[in-house]
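Welcome! Please take a look at the model below, and then let us walk through a few of its parts together.

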Amino acid sequence: MSTVSEHPEEGFIRKYVFSIDHKVIGLQYGLTALLFLLFGFCLMLLMRWQLAFPGQPIPVIGGWLGTANAPGGVMLPEFYNQLGAMHGTIMVFLGVVPLVVGAFGNYFVPLQIGAPDMAFPKLNMMSYWVYFVGGVIMFVSFFLPGGAANSGWTSYPPLSNIATMGQTAWLLGMVFLITSSLLGSINIITTIIQLRAEGLTYMRMPFFIWSQLVTSFLLLLAFPPLEAAGILQLMDRLAGTSFFMPSGLVVSGQVLEAAGGGSPLLWQHLFWFLAHPEVYVLILPAMGIVAEVIANNTRKPLWGYKAMVYATVWLGFMSFIVWAHHMFLTGMGTVMSAFFQTTTMIISIPSVVILTALLISLWGGSIRFNTPMLFALAFLPMFGIGGLTGLPLGLAPSDIHLHDTYYVIGHFHYVVAPGTIFAIFAGIYFWFPKITGRRMSETLGKVHVWGSFIFMNGVFGPMFLQGLAGVSRRLYDGGAQYSHAQGVVQFNQFMSYSAFLLFIAQLPFIFNFFWSMRRGEKVGNNPWQATTLDWAATSSPPLGHGNFAEIPVVYRGPYEYSVPGYEEDFLPQHVATPAPQEG
Amino acid sequence: MPEKTAARSKLSIEGIILGLAIGLVGIVGVYYGSNNWRAPALASQHGAGIDAMMFYLVATTGSMFLIGHLILGYLIWNGSRQEKVTLRLASPKTEKFMSIALGVLMALIAEGGVVAIGMPVWDEYFMAETPEEALQIDVFAQQFAWNVRYPGPDGIFGRVDVSLIDEMSNPMGIDRSDAAAIDDVVVINQFFVPVDRPVEVTLRSRDVIHSLFLPNFRVKQDAVPGMSIPVVFVPTEEGRFEVACTELCGLGHYRMMGFFNVLSQGEFDDWLQQQYAGN
């Protein structure tokens, strides 16, 4: 098992562009996705300006947006709807999923299981480039006549069927992105099942690997229905079919020329069949990253590792039968609502088990407060808020009042923005030394943590109050004309200022990221005194196949910290010293 | 057996600040939130049940949030003082017990709430038979208006045909050659109903999905093209309330606003008579 294949030096294009090395592909994914994350964030800043100051010209950049979008710098409702749809699409499909699966999964799954590369390197390369094409299509769609897609990131027909050309681009882009995710997920599943180092049994896998395994199954099984649905909607738009259009629609006073007989609800079922498991695709790898960081920085094993693994698998299964809780108000019927609200309550149980296990893991630990740990600690209450606020939405009667209000926006952003994105930051600070051989600046890192933590809450906290008051989402003027919004609409300015400051809080990170690549403190292979196999590989591992000088053999579980009787406070998985008997 | 090692103090100021901050966030969040919870004034019968359920859920999740925050704050504060790990692992038995206890607790809170508070509201709102005396209202939503129709003295909605739709004179496509249609009354963006009488609103849409939202009545229902979806409720307060569209329906979505006027029986009869006279 301990032979390492020799590779001749590769040319520039093979090495850095069309690379088949999992580390290069992971970095390509990571950098592209971070750029999209920033871009999607900027779209949101434009929206936040409009919500705080409806009808006032956007300062400085307002003039650059073009007269079709913002004549005189004042945003039009058409443009607001584009920003809304594209912010959601870009953040989810081009930002967060490619980061947690494409970047972290690609780079660290092989390292953590002691594999020389992914099982299918060429499939891996294809996965990135298909994603890249999907991203380019989405980006370019802003420049089409009528602009980008404007029917929400959910693209409900018939609105999306009759929308401008941007919607066609959106659908094409989605087909590429889904294909890319499928290729990536097959690869991760095969790699984890086939390429684990000797001795790395399933119950010795780091929790991060478990989270990637379950996530990949979700991607593999949930995405194809949306790919099919996307193609059906493309046909509706381009080939005159009516999969999602009933007969006799009248748009702008004209009876629509369509065959008819389709169902708008069919799209919603297909969409949410993907998009609910998608939520767990966003959150599970984040929990995986946080688990690694917490175990490492409390210097003790995770509490309830087994319970967490079982809960994750359970969560994965359950996530396929909760999708219609997004559809309680569509008129799909009470039998459906009863079933889906029951399954939704059941799925809250494993989530609580995982989160509480992470919380109890802090108990009795000797905590090191470095930047990754601060982000991981901030993740816990943020995801907690996101999860708990989901309960009233999961029950059909309370959902009546809260559905499609800002409460929903607050809820899922707490899960994904201060939740998953904090975990992503924790992961970047944590693994940066492995990737570059240098540590990121702690001082700048702490400015980044505290700034993000405070302003994230400033942006999303008031949304719950707006939603409870009944303010609807997706309103161009933020609901200013409704009397029920009057007690809470003034929060919009506070929230927008928080969003602008949140942007400023990211600048230290961006600077830190590039500065530390060249100037950061140089570190060895295992700067955090960690136990998993990724830290056994050379830091800044050579690009090209082969991660380990010698393929490691695994002797024990993933988090053997502070083992009694052992000199160091960590005992790596690949070190052959016998561990003392566990109590 | 849990393994104990002697703890030595290392005192991390940062950890203490973070621990305190986290605990404080929980307290301030719950306090500020509960003081600024401004639900729209209630004006329907079933709404009280929905509010009770919301209160139960917000109170239970709010308490879990608060307790979780205090524990987290304490653990961070405590963990910041210890040079060495004091509790490495609980025994497998404890772990198993606590995981199961957590699951059961969560199940009780969630499912318990559903059974005790949710089911009656559920029955009242979703499962209720439409009462005989319910006022029938037909809503045909469009971009970006609510077309509201009353059946007229005969109590029967006349035939409609989308090919008859005329934006100015006949937005619902009513076939006036049908005997039942002659007396139908159409109003735009305005609902008029008598107080304390059940209303059955049948929602249809002629173009895209809209959603009828009556914040004060705790009523929200999508209008899906190709479907007719009934909603039954009883307005209990007189007044002029707002109607919002709450499903993205295009560039005018934000201004798709209407009014829901709840009148006394006498006022309502007068209004209806005026409408009949206008036909």
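Leaving aside its neighbours within four places in sequence, which residues is A:Phe379 in contact with? They are A:Val290, A:Gly419, A:Phe422, A:Ala423 and A:Ala426, where contact means C-beta atoms, placed from the backbone, within 7 Å.

A note on reading this: the model is predicted, local features need pLDDT of at least 70, side-chain atom pairs count only at pLDDT 80 or more, and totals for chains, interfaces and linings use all residues. Residues are numbered from 1 along each chain as its sequence is written, with chains lettered from A and ligands numbered from 1 in the order in which they are written.

A:Phe379 also belongs to the largest nonpolar core, which has 265 residues; A:Phe379, A:Val290, A:Phe375, A:Ala426 and B:Val139 touch the most other members. Such a core is a set of buried Ala, Val, Leu, Ile, Met, Phe, Trp, Tyr and Cys residues joined through C-beta atoms within 7 Å. Buried means 20 or more other C-beta atoms within 10 Å, exposed 12 or fewer, and partly exposed in between. Helix H3 of chain A (residues 77-113) gives this core its largest share, 22 residues.

| Helix | Residues |
|---|---|
| H6 of chain A | residues 207-238 |
| H7 of chain A | residues 264-298 |

Their axes come within 8 Å and cross at roughly 160°, so H6(A) and H7(A) are roughly antiparallel, a word for angles over 145 degrees.

Finally, B:Ser228 is partly exposed, with 13 other C-beta atoms within 10 Å.

How values were computed: Helix = DSSP H or I, 4+ residues; strand = E, 2+ residues; numbered from the N terminus. Contact = placed C-beta atoms within 7 Å. Axes fitted to C-alpha atoms, helices over the stretch in contact; angles between N-to-C directions. Parallel < 35°, antiparallel > 145°, perpendicular 65-115°, else oblique.
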